[in-house]
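Below is a briefing on one protein model, grouped by topic. Please have the sequence and the coordinates open while reading.

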Amino acid sequence: MFKTSLQTITWGDPQHDRFPDIFALAKASGFDGLEIGFRRLRQVSTTDIQRLLDANQMIINASHIGGNLGDLGQAENERADFDAALHILGELGVPYLLYSGLNEQHDDALDAAIEQLNGFADRCADQGMRLLFHNHDWEFHNDQRIWKRLLELRADTLGYALDLGWAVKAGQDLSTVLADLEETVKILHFKDFISAEAGQNTCHLGEGIIDFSAAWQWLQGQGGQDIWLTAEQDNAADADISCAINGAYLAEHRQDLERS
């Protein structure tokens, strides 16, 4: 079953004061769930978050942490955040925790970071949660050095939240990437860009350069899988308008999938 989710990054920081408006707007825009960065989510008590979710008949399907696990000093902070995330997300019944990172320049540091990430994935599994790796573009640089190493060394408990926009911007063929991941994909991030130039020059879905057709074709063969389709627009002139436009885009394409 395919469900749609909104990544609230578009509202920037601070955004927790606007959660009542954001949650209501996400519901009105047709989204089934919300993906909220953990550092933003933790600003509000779980009781208040749950009250907002109940009022809008929504769930938080995923949260997000990030960092460089190869940096031993920073890794200590990541472990502390990870412990807090497991506790808070467990109270809210969030099924997925996304991790972004793995930008180590040396192979030994990269392998150590992947090993630690695998340990985090095992701990998530013990709590009934799934840890997912969320990519940017850099993992595909240098002949996919980081991406290939993660594919080789990842634990079975670690899945993927594939960011389609970043993968295409890095010059990747989505059909090939998705074929490599198959059932490990639990979330697809739909992100569109104004141009192929470096940076987060995002735009409304369907208005930029990213061709998502390979992803829609791949999804046609995944009817038995539970996969979240997430709209993620890093910045927008008006976050409220982008929410409505991106919600409509995903809703239309999901309907096409259901009819196919």
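Arg40 is buried, at a relative accessible area of 10% (buried means under 20% relative accessible area, exposed over 50% and partly exposed in between, with a 1.4 Å probe and protein chains only). The model is a predicted one, in which local features need pLDDT of at least 70 and side-chain atom pairs count only at pLDDT 80 or more, while totals for chains, interfaces and linings use all residues. Residues are numbered from 1 along each chain as its sequence is written, and side-chain values use heavy atoms, with hydrogens and water left out.

**Helix α2: Arg40 and Phe38**

- Arg40 lies in helix α2; helices (H or I, at least four residues) and strands (E, at least two) are DSSP runs, numbered from the N terminus.
- Not counting residues up to four places away in sequence, Arg40 touches Ile9, Gly12, Asp13, Gln15, His16 and Phe19, where contact means heavy atoms within 4.5 Å.
- Phe38 is also in helix α2, which covers residues 38-41.
- Phe38 has a relative accessible area of 2% and is therefore buried.
- With residues up to four places away in sequence left out, Phe38 touches Ser63, His64, Ile65, Asp81, Ala84, Ala85, Ile88 and Leu89.

**Backbone features**

- The peptide bond from Asp13 to Pro14 is cis, with omega near -10°.
- Pro14 is located in the loop between β1 (2-7) and α1.
- Asn142 has a positive phi, near 55°, in a residue other than glycine.
- Asn142 belongs to helix α6 (residues 141-153) and counts as exposed at 65% relative accessibility.
- Asp143 likewise has a positive phi, near 60°, and is a residue other than glycine.
- Asp143 is placed in helix α6, and its relative accessible area of 61% makes it exposed.

**Packing of α1 and α3**

- Two packed helices are described by the angle between their axes and the distance between the axes.
- Helix α1 (residues 19-28) packs against helix α3 (residues 46-56) at an angle of about 30°, with the axes 10 Å apart; axes are lines fitted to C-alpha atoms, for helices over the stretch in contact, and angles run from 0 to 180 degrees between N-to-C directions.
- This makes α1 roughly parallel to α3 (angles under 35 degrees count as roughly parallel, over 145 as roughly antiparallel, 65 to 115 as roughly perpendicular and the rest as oblique).
- α1 passes α3 in a right-handed crossing; a crossing is right-handed if the near helix is turned clockwise from the far one by less than a right angle, and left-handed if anticlockwise.
- On the α1 side the contact is made by Phe19, Pro20, Phe23, Ala24 and Lys27, and on the α3 side by Ile49, Leu52, Leu53 and Asn56.
- The residues of this contact of α1 with α3 comprise seven nonpolar, one polar and one charged (Ala, Val, Leu, Ile, Met, Phe, Trp, Tyr, Cys and Pro count as nonpolar, Asp, Glu, Lys and Arg as charged, and the others, Gly among them, as polar).

**Packing of α8 and α9**

- The axes of helix α8 (residues 174-181) and α9 cross at roughly 35° and come within 8 Å.
- The crossing of α8 and α9 is right-handed.
- Leu174, Ser175 and Leu178 of α8 meet Ala214, Ala215 and Trp218 of α9 in the contact.
- The residues of the contact of α8 with α9 are five nonpolar, one polar and no charged.

**Aromatic pairs**

- The structure holds nine aromatic pairs (rings of Phe, Tyr and Trp, its six-membered ring, pair if their centres lie within 6.5 Å; planes under 30 degrees apart count as stacked, over 60 as edge-to-face and the rest as tilted).
- Phe19 and Phe23 form a tilted pair, at 5.4 Å centre to centre with 35° between the planes.
- Phe19 and Phe23 are four residues apart in helix α1, so about one helical turn separates them.
- Phe19 is buried at 1% relative accessibility, and Phe23 is buried with a relative accessible area of 0%.
- Phe190 and Trp216 form a stacked pair, at 4.7 Å centre to centre with 25° between the planes.
- Because Phe190 lies in strand β7 (residues 185-190) and Trp216 in helix α9 (residues 213-220), the pair ties together parts that are 26 residues apart in sequence.
- Both Phe190 and Trp216 are buried.
- Phe190, Phe212, Trp216 and Tyr249 make up one aromatic cluster.
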